[in-house]
Amino acid sequence: MFYFKFAHRKKKINIEMYSHLLTAHSTIRWLVLIFIVYSIYRAWTGFIKNRSFSKIDNAFRHWTATIAHIQLMIGIILYTQSPIVMYFWSDTRKWLLNSDSAFYGIIHLLLMLTAIVFLTIGSALTKRKPTDEEKFRTMLTWFTIALIIIFIAIPWQFSPLSARTYLRPF
């Protein structure tokens, strides 16, 4: 165990667990992106070609939401254990001026939660639509909005808010 001294208290953080979760979070992001892009592609082609909403379309709708929720749970665990976030909340005014700490302290969290809400609503609404055309249109709309928000919230190497590597080493 490693101890971070933080605001007159000790916070236990298992560095090895934190490191593994950070690597998993970095890796699963690619699965989320692949699944959401492919689901959007299926929704677009289904809508344009007037296809029927198949079991495969429904499976991709479901698995996209499931993988995104797994990613969210890992992200929430990381958020509660992150030294950057702890420092951010120790003196918010000071750390709001630092784009890296502000990004991880509040921006990343709020954008990703918003994206997952859009993805979840889109998945639930898609499942309940009566016609195939409505299912494809609903999935296309909500998943695309979620993807745009996710793209803004990911710390890409070119991001002005916070830059991280595309894949963390194991």
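Okay, let's start in helix α6: Arg-137 and Glu-133 both sit in that helix, four residues apart, which is about one turn of it. When I say helix, I mean a DSSP run of H or I with at least four residues, while a strand is a run of E with at least two, and both get numbered from the N terminus. Arg-137 and Glu-133 make a salt bridge, with the closest N and O atoms 2.9 Å apart. Salt bridge here means a side-chain nitrogen of Lys or Arg within 4 Å of a carboxyl oxygen of Asp or Glu. As for the spacing, an α-helix has 3.6 residues a turn, so residues three or four places apart point the same way.

Quick word on what we're looking at. This is a predicted model, so local features need pLDDT of at least 70 and side-chain atom pairs count only at pLDDT 80 or more, while totals for chains, interfaces and linings use all residues. Residues are numbered from 1 along each chain as its sequence is written, and side-chain values use heavy atoms, with hydrogens and water left out.

The cut-offs are under 20% relative accessible area for buried, over 50% for exposed, and partly exposed in between, using a 1.4 Å probe and protein chains only.

Now the overall layout. The protein chain has six helices and two strands, and along the sequence they come in the order β-β-α-α-α-α-α-α. Of its 170 residues, 39% count as buried. Take the contacts between residues at least 6 apart in sequence: 68% of them join residues at least 24 apart. Contact means heavy atoms within 4.5 Å.

Back to α6, residues 132-153. Its 22 residues should span 32 Å at 1.5 Å a residue, and the end C-alpha atoms are 31 Å apart, which agrees. That expected span is 1.5 Å times one less than the number of residues. The buried residues of α6 include Phe-136, Met-139, Leu-140, Phe-143, Leu-147 and Ile-150. What do the buried residues pack against? They pack against α1 (15-48), α2 (55-81) and α5 (99-128).

Let's look at one of those partners, α5. Two packed helices are described by the angle between their axes and the distance between the axes. For α5 and α6 the angle is about 170 degrees and the axes are 8 Å apart. The axes are lines fitted to C-alpha atoms, over the stretch in contact for helices, with angles running from 0 to 180 degrees between N-to-C directions. That makes α5 and α6 roughly antiparallel, a label for angles over 145 degrees; under 35 is roughly parallel, 65 to 115 roughly perpendicular, and the rest oblique. By class, the α5 and α6 contact has 17 nonpolar, six polar and two charged residues. Nonpolar covers Ala, Val, Leu, Ile, Met, Phe, Trp, Tyr, Cys and Pro; charged covers Asp, Glu, Lys and Arg; polar is the others, Gly among them.

Next, the other salt bridges. How many does the structure hold? Three. Asp-57 pairs with Arg-42 at 2.6 Å, N to O. Asp-57 is in helix α2 and Arg-42 in helix α1, so this pair ties together parts that are 15 residues apart in sequence. Both Asp-57 and Arg-42 are buried, with Asp-57 at 0% relative accessibility. Asp-57 also forms a salt bridge with Arg-51, where the closest N and O atoms are 3.2 Å apart. Arg-51 is partly exposed, at 26% relative accessible area.

Between α1 and α2 there's a loop, and Asn-50 is in it. Asn-50 has a positive phi of about 55 degrees, although it is not a glycine. Asn-50 is exposed, with a relative accessible area of 60%.

Last stop, Thr-64, which is in helix α2. Thr-64 is buried, at 1% relative accessibility. Which residues does Thr-64 touch, not counting those up to four places away in sequence? The answer is Phe-35, Ile-36, Ser-39, Leu-119 and Phe-143. Thr-64 and Leu-33 are 31 residues apart along the chain, with 8.8 Å between their C-alpha atoms. Tyr-38, over in helix α1, is partly exposed at 32% relative accessible area.
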